[in-house]
Amino acid sequence: MTKIKTVFSLIVVLIISVSFAPSVINNGGITVGDKLEIKGNKELQASLKTNNETLVLINYWAAYNAKSHIENIQFAKIVEQCKQKQFFNAKGIKMMSLSLEESKSVFEETVRRDDLTGVQSIHLEKGLNSEIAKAHEVEDKQFANFLLDSKGVIIAKNISPSELEIILSQN
């Protein structure tokens, strides 16, 4: 009888621990499948509100970070080539480039020099200290990007330009 009680107790503990496991494992970070919350930047909020038919790549970058700067240019070229294609029930793709430069003149000159004509470039005056960069867990050494479906749900996070090409070619 005590063996049955012990086994039963273990089963109950196992069921309870499995039931609560997701809340213990999830540390609150932004993950694929989440709807990306946009707070603290009215320009970006307005742009995403009117977006209901395209994929959106949101890419954080800064001219002082060579890797993020080069990737921003590469992402822009890929998006330009694919902007009219049909993806994941979306009509095309567009890019929102969020600059973490604290100097607006550096931001403007870099965007002009990079010729990012088909990209919505937004300057975040407070850089990494901006509300939106903090909310999206952007770090100085590991800038972030998010590929959103037409409903604002994250379908890919922190991808490289080559990974974006692969994702877009799979449709």
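In the predicted model, the largest nonpolar core comprises 22 residues, and those with the most contacts inside it are Leu55, Leu57, Ile93, Met95, Leu147, Leu164 and Leu168. Two or more residues of this core are given by each of β1, α3, β4, α4 (104-114) and α6, and the largest share, five residues, comes from α3. Apart from this core lies another, of 20 residues, which includes Leu36, Val56, Leu100 and Ile132.

The chain has six helices and seven strands, and from the N terminus on its elements follow the order α-α-β-α-β-β-β-α-β-α-β-β-α. Among the contacts in the chain with a separation of 6 or more, 69% are accounted for by residues 24 or more positions apart.

Helix α6, which spans residues 161-169, has Pro161, Leu164, Ile167 and Leu168 as its buried residues. Seen down the axis of α6, these buried residues fall within an arc of 115 degrees, so they line one face of the helix. The cover over the buried residues of α6 includes β1 (55-61), α3 (66-82), β2 (86-87), β4 (93-99), β6 (145-148) and β7 (154-157). For Leu164, when neighbours within four places in sequence are left aside, the residues in contact are Leu57, Phe75, Ile78, Val79, Ile93, Leu147 and Ile159. Of these partners, Leu57, Ile93 and Leu147 are, like Leu164 itself, listed among the residues with the most contacts inside the largest nonpolar core.

In helix α4, the buried residues are Phe107, Thr110, Val111 and Asp114. They cover an arc of only 95 degrees around the axis, which puts them on the same side of α4. The elements that cover these buried residues include β1, α3, β4 and β5. The face of α4 turned away from its buried side carries the exposed residues Ser105, Arg112 and Arg113.

Two residues other than glycine were examined for their backbone angles. Most residues other than glycine have a negative phi. Asp115, which follows α4, has a positive phi, near 55 degrees, and is placed in the loop between α4 and β5 (120-123). With a relative accessible area of 53%, Asp115 is exposed. Asn158, although not a glycine, likewise has a positive phi, of about 50 degrees, and is found in the loop between β7 and α6. Asn158 counts as partly exposed, at 33% relative accessibility.

Leu100, one of the residues of the core of 20 residues, is placed in the loop between β4 and α4. At 1% relative accessibility, Leu100 counts as buried, the cut-off for this class being under 20%. Leaving aside neighbours within four places in sequence, Leu100 is in contact with Tyr60, Trp61, Ala62, Tyr64, Leu124, Gly127, Leu128, Ala133, Val138 and Phe143. Leu100 and Asn129, which are 29 residues apart in sequence, are 8.8 Å apart in space from C-alpha to C-alpha.

At least two residues of the lining are supplied by each of β1 and α3, and α3 gives the most, with four residues. By class, the lining consists of five nonpolar, seven polar and three charged residues.

At 16% relative accessibility, Glu71 counts as buried. When neighbours within four places in sequence are left aside, Glu71 is in contact with Ser160 and Pro161, and Pro161 is in turn one of the buried residues of α6.

How values were computed: Residues numbered from 1 in each chain as written. Predicted model: local features only at pLDDT ≥ 70, side-chain atom pairs only at ≥ 80, totals over all residues. Heavy atoms only, no water. Buried < 20%, exposed > 50% of the residue type's maximum accessible area, 1.4 Å probe, protein only. Arc of directions from axis to C-beta. Contact = heavy atoms within 4.5 Å. Nonpolar A, V, L, I, M, F, W, Y, C, P; charged D, E, K, R; others polar. Core = buried A, V, L, I, M, F, W, Y, C linked by side-chain atoms within 4.5 Å.
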